[in-house]
Structures are given as C-alpha cells and as structure tokens.
Amino acid sequence: MPCGNFASVVNIVEKVGGSATIVSNPSELQNFDKLILAGVGAFDYGMASLRNEGWDEALTKLVIEQKRPILGICLGMQLMCQDSEEGKLPGLGWIPGNVKKFQMPAGSELKIPHMGWNTVRVCKPNSIIPTNEGEQRFYFVHSYHAVCKDPNVVLATTHHGSDVTAAFSSENILGVQFHPEKSHRFGISLMRRYVEK
C-alpha cells in the first residue's frame, strides 16, 4: 500500500467512535463496510504499491462493482484519478481527471508544496463537509492537485495561486486532498460524518 502515517488515520477514526484496521492482504478488504485509501509520496510509487499483490483489482471490484464507500486522503485521492504529471503509470481511473503540478502565477511568492492550513469553499451539498457551519479549514501538504473533467464531481476547492480541487465525490467515492487526521476539529467533524453516514 502507499506509504503514509496510517496510525494517525486509525486514531482519528477511533476518536470519533469508529473502528479501523490496517489491512495487509487485499482479501481482507471485503470484511469492511467502508474503506480509506491514505497515502503520501510519489504517484508512481503509490500505484506500483497498489498493483503489488492485486490491491488495485480488489479495490476496484469493491468500489466500482459493489459500490463500497471509500475515502481517499492526499495521495490516495490522486490515485483515484486517471494519471498524474508526477509519474508515468495510469491511476485507478475511478474519477475522470488528471493530477497536475501547481503552476504559480508570474511573480508569485507562493511556495510549492502548498503546505499548511487553508480554507475550503464547498461547491455542493455533501455528506462529509458541512455547508452551514461557517469557515472550514484543513491542513494541506501537496505539490500536485486533481483536475476533474466533470465539474459536478468537485465537492470543494481551495485557493493557492488559483482555485484547485480540495475534495471530490462521485456516488460512493470520496477524495480529499488535505489531511483530516491533521486538521483538528474540522478533520474530526469530517471523519465523524464519514464514519456515521
């Protein structure tokens, strides 16, 4: 599986009253009602890790055929897209779109990676980010961002040089570019909604 601080994700799930298990074999995935695909690092490394031992096939069967709910976090969200400028391997292809490197406007002093707290603008009613509880802020660390071919799947955007996708959703598939496990009360609220929905 892609590398990442899985323990922090497990901790936040448990903090909101859920239970989570880090699985080591694709056959174990079918034992769970909901899935989380978390990861940090390079796109090709993440996809190669998913292909190892058939994670990609097992996940696609559960998510696309059986409509099992899944939440992608950071690299996990990007892997749901078709491809990435960061690598050469195809992504899972669940969400029509490409992962692009940040292009800063000329003269901009903004840094890449986009790192730290940022507000998000919710684009449509959804099950994980409230639209009626004021400003929503999350913690980001990324140099690449998803560009969705269908604007209707964009759940929320954030601004870093330009408006970029902060979250997307399509049926049972959810993806967030930020890290809920590092986003304090906002991340706790999001994860509680995902666990309870």
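## Strand pairing and the sheet

In this predicted model, strand S9 (residues 163-170) and strand S10 (residues 173-176) run antiparallel and are joined by four bridges. Phenylalanine 168 has glycine 175 of S10 as its bridge partner.

Both strands belong to an open sheet of seven strands with mixed pairing, ordered S1-S2-S10-S9-S8-S5-S6. The edges are held by strand S1 (35-39) and strand S6 (136-142); each has a single partner strand, so one side of each lacks a neighbour in the sheet. On average, neighbouring strands of this sheet are turned by 25° against each other, direction ignored.

## Packing of H2 and H3

Helix H2 (residues 43-51) packs against helix H3 (residues 55-65) at an angle of about 80°, and their axes lie 5 Å apart. H2 is therefore roughly perpendicular to H3. Ser49, Leu50 and Arg51 of H2 make the contact with Trp55, Asp56 and Leu59 of H3. By class, this contact comprises three nonpolar, one polar and two charged residues.

The largest pocket has a volume of about 620 Å³. It is lined by 24 residues, of which Ala20, Thr21, Lys34, Leu35 and Ile36 are the closest to its centre. Helix H1 (6-15), S1 and helix H5 (184-196) each contribute at least two residues to this lining, which has 18 nonpolar, four polar and two charged residues.

The second largest pocket holds about 170 Å³ of space. Its lining includes Val40, Cys74, Glu86, Tyr144 and His179. Helix H4 (75-79) and S6 are the elements that give two or more residues to this lining. By class, the residues are five nonpolar, five polar and one charged.

How values were computed: Residues are numbered from 1 along each chain as its sequence is written. This is a predicted model: local features need pLDDT of at least 70, side-chain atom pairs count only at pLDDT 80 or more; totals for chains, interfaces and linings use all residues. Side-chain values use heavy atoms; hydrogens and water are left out. Two strands pair if DSSP finds at least two bridges between them. Axes are lines fitted to C-alpha atoms, for helices over the stretch in contact, and angles run from 0 to 180 degrees between N-to-C directions. Angles under 35 degrees count as roughly parallel, over 145 as roughly antiparallel, 65 to 115 as roughly perpendicular and the rest as oblique. Contact means heavy atoms within 4.5 Å. Ala, Val, Leu, Ile, Met, Phe, Trp, Tyr, Cys and Pro count as nonpolar, Asp, Glu, Lys and Arg as charged, and the others, Gly among them, as polar. On a 1 Å grid over the protein atoms alone, a cavity is a set of points where a 1.4 Å probe fits but cannot get out, and a pocket is an open set with protein on both sides within 12 Å along at least five of seven lines; lining residues have an atom within 4 Å of a point. Grid points are joined across faces, edges and corners, and a volume is the space filled by probe spheres set on the points.
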